[in-house]
Amino acid sequence: MLREELIKRSPIRILEKTIHGGLGKGNLGVLTARKGIGKTASLVHIAIDQLLRDKKVLHISFAEEPNHIKQWYKQVFNEISTAYKLDNPIENFEDIISNRLILHFKFSEINLQQIRETLTQFIEQADFNPDLIIIDGFNFYEATQEQIDFFKEGAKLRDAEIWFSSTLHREALELDDSGIPAPINRFKKDFAVIIMLDPTHEHINFRLLKDHDSKDLSKLMLKLDPKTLLIANHRA
């Protein structure tokens, strides 16, 4: 399959259609789930879709062990290229990775000024202006409104979309009156799109909890295959 056809058939097109055209430049979105459910794999799938479309992706990790991020990209890309029988997978992977930048910060030592200076160095001095920013390993239980505002301002300033991952405790979910779980519900006004990954015996459902300003939430017909760790059409 040619790269252009893969892009057209990607399940990310379903996500974009369901949430009224996509997350949108200058907006924040979040995937929330318990640890080990597939948040990072899902975010990497979204990132690879953008890279295949010749977009630039900045991946910021606050995880304790950031070395696995590059491996995630290799693994998810290999699964995508195998599933869709992508022509020239090695050449395509080498091509898209040139538009990806990975940065790591320790959440326990988070310093907004340091992050700002580092981003300025890469974005302005290295001429790397990302279309999509992925942020994983960010601890929303300890997050402050100042930190969220920092990323909101950055999304608008850089005209970029920002997708976060948010880990839930393994105990019973603490839901607010909108059905949004803690800790992300503390910042729900700041997110344009909120999606929860809901595991079943066979796969992992994507449940749409917030869709911009829409009061009527559509069913998100997507699932995560626990074997391939790929987002797929739920009807398939």
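**Aromatic rings in a predicted model**

Guide: Phe 77 is buried, with a relative accessible area of 1%; buried means under 20% relative accessible area, exposed over 50% and partly exposed in between, for a 1.4 Å probe and protein chains only. This is a predicted model, in which local features need pLDDT of at least 70, side-chain atom pairs count only at pLDDT 80 or more, and totals for chains, interfaces and linings use all residues. Residues are numbered from 1 along each chain as its sequence is written, and side-chain values use heavy atoms, leaving out hydrogens and water.

Visitor: How many aromatic pairs does a search of the whole structure find?

Guide: Rings of Phe, Tyr and Trp (its six-membered ring) pair if their centres lie within 6.5 Å; planes under 30 degrees apart count as stacked, over 60 as edge-to-face and the rest as tilted. Searching the whole structure by this rule gives 14 aromatic pairs.

Visitor: What is the angle between the planes of Phe 77 and Phe 93?

Guide: The centres of these two rings, Phe 77 and Phe 93, are 5.1 Å apart. Their pair is tilted, with the planes at 50 degrees.

Visitor: Is Phe 93 buried or exposed?

Guide: The relative accessibility of Phe 93 is 18%. Phe 93 therefore counts as buried.

Visitor: Which residue lies over the face of Tyr 73?

Guide: A charge sits over a ring if NZ of Lys or CZ of Arg is within 6 Å of the ring centre and within 35 degrees of the ring normal. At 4.8 Å from the ring centre of Tyr 73, the residue over its face is Arg 100.

Visitor: What is the relative accessibility of Phe 187?

Guide: Phe 187 belongs to a cluster linked by ring pairs, whose members include Phe 140. Phe 187 counts as buried, its relative accessibility being 2%.
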